[in-house]
Amino acid sequence: MNCEEIQERLSMMLDEELSGDERALIMEHITACPECMKVYEAFSSVSDSLKDLEEVPEGFTEDVMRRIRAKNAAPKRKRYFAGVLGMAACLALVLFAGRTVDPPQSRDMNGLSAINADTAAPTAEDAAPYTYGNGGLDAELMSFDTATVYQNSYIADPDAPTVNGTIIDVDDGTPDTECETATEKAANRSSISNTVAPESLDTILAAAVPAEYGNYERTADYTVVFSGEAETYFIDVWVEGERLYCQDAAGNAYYAEGTYAQLLTLMNE
Amino acid sequence: MLTQDEERRIIDRVLSGDVNAFGLLVEDQSKVVYNLCLRMVGNEQDAYDLSQDAFLKAYTNLSVFRGDSRFSSWLYKLATNVCLDFLRKRSRQKTVPLTYETENGEQEYLPIPDETFSPETETERKELRDSVRRGLSQLPESQRQILILREIGQLSYEEIAGQLGLEAGTVKSRIFRARKKLCDILIKDGNLSESIPSNHQEKGGANV
């Protein structure tokens with residue numbers, strides 16, 4: 001055995017993957033070969049260092065269990081697109097594309113209730129009790145993986161900026177299917193978007209003042225889609241000067257804490 | 001650490017609706033999972049979030065966990081995969097790297113501030129640990145994941161091979177290559193006291 005082969009076995013020896021006989025052979029070699037001894041020492045100290053575990057921050061288990069309970073307790077009405085993720089994403093695209101003609105009030109009747117019988121159009125009873133004034137967004141939304149801010153191609157503001165000057169294809173990487181027609185694709189491609197951490201929207205989109213649901217006939221200027229493992233939740237945003245009027249998937253309407261300028265900054269991050 | 005039987009019994013309880021029993025698995029594995037993530041991504045904040053995500057994912061997917069491996073080895077693979085996903089996403093977002101370019105065009109590490117006071121031996125230990133952490137971040141992902149599963153997860157070659165769908169021989173050679181590369185990085189970094197001659201492969205040395 002040459003040194004290279006010996007050293008590979010040294011690595012195995014550290015991993016307790018050698019028999020007693022092989023171990024003896026390797027030990028015999030390294031006591032006579034300073035180079036392999038150095039390799040052995042280096043491997044050992046790296047190995048020891050890797051095994052030197054750091055303490056878990058306090059409250060770790062409680063945090064996990066809190067998130068699990070929140071997940072389990074999540075109201076059913078929020079799971080508008082629960083189900084196979086690919087399918088949900090696909091449906092979401094159809095909804096975006098289709099909303100040029102659907103006023104917000106009617107889209108639940110047109111689309112969502114047909115997808116899942118559990119999720120009929122929101123009623124007053126359904127609407128989550130919101131904490132107005134700096135309460136932040138629902139904690140559950142913060143546990144979603146990402147939030148994507150879509151500037152809809154049919155944004156009312158003709159001077160709305162582009163993101164870094166580019167038009168981003170909002171196709172989310174799922175395989176193209178028959179649910180995405182050429183027209184829908186074109187509509188999607190003319191939207192611009194930016195994916196951010198859900199936390200960055202916590203204060204911007206938090207409810208500040210309650211508002212009447214269905215203030216707008218036209219399609220939202222921005223749609224923020226929170227994506228988790230198997231579910232998607234969205235908040236539609238209309239721009240009123242500096243103010244943001246929001247309608248969420250649970251049927252709440254409110255003016256947000258944040259400003260249009262803050263949303264744009266986020267879009268350009 | 002729980003035995004395989006204990007893990008199984010707890011999983012059955014969770015699956016039959018006793019959500020709180022999952023806390024026993026978290027309690028048992030949090031240290032290893034947190035450290036796996038810490039070595040995968042290199043900083044405490046992300047490691048905390050990602051190890052939380054790993055447990056959440058394990059909980060969500062518990063019903064598809066097949067009992068043909070240890071729960072822990074399945075969980076470790078899941079945790080390292082969560083980290084790999086994160087690292088890939090992060091590299092797409094082009095975050096600021098931990099290195100900067102010096103005037104003569106070399107890559108240097110940004111100094112990591114450390115205000116904690118510690119005795120000398122503790123400092124040395126910490127230096128090596130930080131250096132190992134930085135070295136790990138330079139390993140190819142496939143080598144890093146396997147080395148971490150071995151060293152921190154304490155999985156055998158066979159278990160790693162089973163979890164990642166590889167041959168045991170591949171696991172063995174990747175671990176070896178990862179160790180060598182890591183040692184080279186540490187020597188360059190000045191954090192391994194004894195230097196290994198760079199031409200050691202070519203030399204015959206003592207033959208057995």
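Residues are numbered from 1 along each chain as its sequence is written, and chains are lettered from A and ligands numbered from 1 in the order in which they are written. Because the model is predicted, local features need pLDDT of at least 70 and side-chain atom pairs count only at pLDDT 80 or more, whereas totals for chains, interfaces and linings use all residues; side-chain values use heavy atoms, with hydrogens and water left out.

**Stop 1: the cysteines of chain A**

Select Cys33(A) and Cys36(A). With a disulfide taken as a pair of cysteine sulfur atoms within 2.5 Å, the count over all chains is zero. Cys33(A) is in no disulfide, and the nearest cysteine sulfur, that of Cys36(A), is 3.7 Å away. Cys36(A) is likewise in no disulfide; for this residue the nearest cysteine sulfur belongs to Cys3(A), at 3.6 Å. Relative accessible area is classed as buried when under 20%, exposed when over 50% and partly exposed in between (1.4 Å probe, protein chains only). Cys33(A) counts as buried at 3%, and Cys36(A) counts as buried at 0%.

**Stop 2: a salt bridge between chains**

Next, display Glu54(A) together with Arg129(B). A salt bridge here is a side-chain nitrogen of Lys or Arg within 4 Å of a carboxyl oxygen of Asp or Glu, and the structure has 19 of them over all chains. Glu54(A) and Arg129(B) form one, with the closest N and O atoms 3.3 Å apart. Helices and strands are DSSP runs numbered from the N terminus (helices H or I, at least four residues; strands E, at least two). Glu54(A) lies in the loop between helix H3 (34–51) and helix H4 (60–73) of chain A, and Arg129(B) in helix H5 (residues 120–137) of chain B, so the pair joins two chains. Both Glu54(A) and Arg129(B) are buried.

A polar atom of the Asn35(B) side chain lies 2.7 Å from the backbone nitrogen of Glu54(A). Asn35(B) is buried, with 0% relative accessibility.

**Stop 3: helix H2 of chain B**

Now show the whole of helix H2 (residues 22–41) of chain B and look along its axis. Where does this helix bend? The bend, of about 55°, is at Gln29(B); the angle is taken between axes fitted to the seven residues ending there and the seven starting there. Of the 20 residues of H2(B), 17 are buried, so this helix is largely enclosed by the rest of the structure. Just after H2(B), select Gly42(B), which takes a positive phi of about 85°.

**Stop 4: salt bridges within chain B**

Move to Arg70(B) and Glu7(B), whose side chains meet in a salt bridge (2.9 Å, N to O). This pair links distant parts of the chain, 63 residues apart: Arg70(B) is in the loop between helix H3 (44–60) and helix H4 (71–92) of chain B, and Glu7(B) is in helix H1 (residues 4–15) of chain B. Arg70(B) is partly exposed at 24% relative accessible area, while Glu7(B) is buried at 2%.

Then select Arg88(B) and Glu141(B), another side-chain pair in a salt bridge (2.9 Å, N to O). Arg88(B) belongs to helix H4 of chain B and Glu141(B) to helix H6 (residues 141–151) of chain B, 53 residues apart. Arg88(B) is partly exposed, at 40%, and Glu141(B) is partly exposed, at 26%.

To finish with charges, highlight Asp52(A), Glu54(A), Glu44(B), Arg125(B), Arg129(B) and Arg133(B), which salt bridges with shared partners join into one network.

**Stop 5: aromatic pairs**

Switch to the rings. Those of Phe, Tyr and Trp (its six-membered ring) pair if their centres lie within 6.5 Å; planes under 30 degrees apart are stacked, over 60 edge-to-face and the rest tilted. The structure holds 10 such pairs over all chains. Phe60(A) and Tyr48(B) have ring centres 5.3 Å apart and planes at 85°, so their pair is edge-to-face. Phe60(A) is in helix H4 of chain A and Tyr48(B) in helix H3 of chain B, so this pair also joins two chains. Both Phe60(A) and Tyr48(B) are buried.

Definitions and conventions. Polar contact = N/O pair within 3.5 Å; in protein donor to acceptor, adjacent residues only side chain to side chain.
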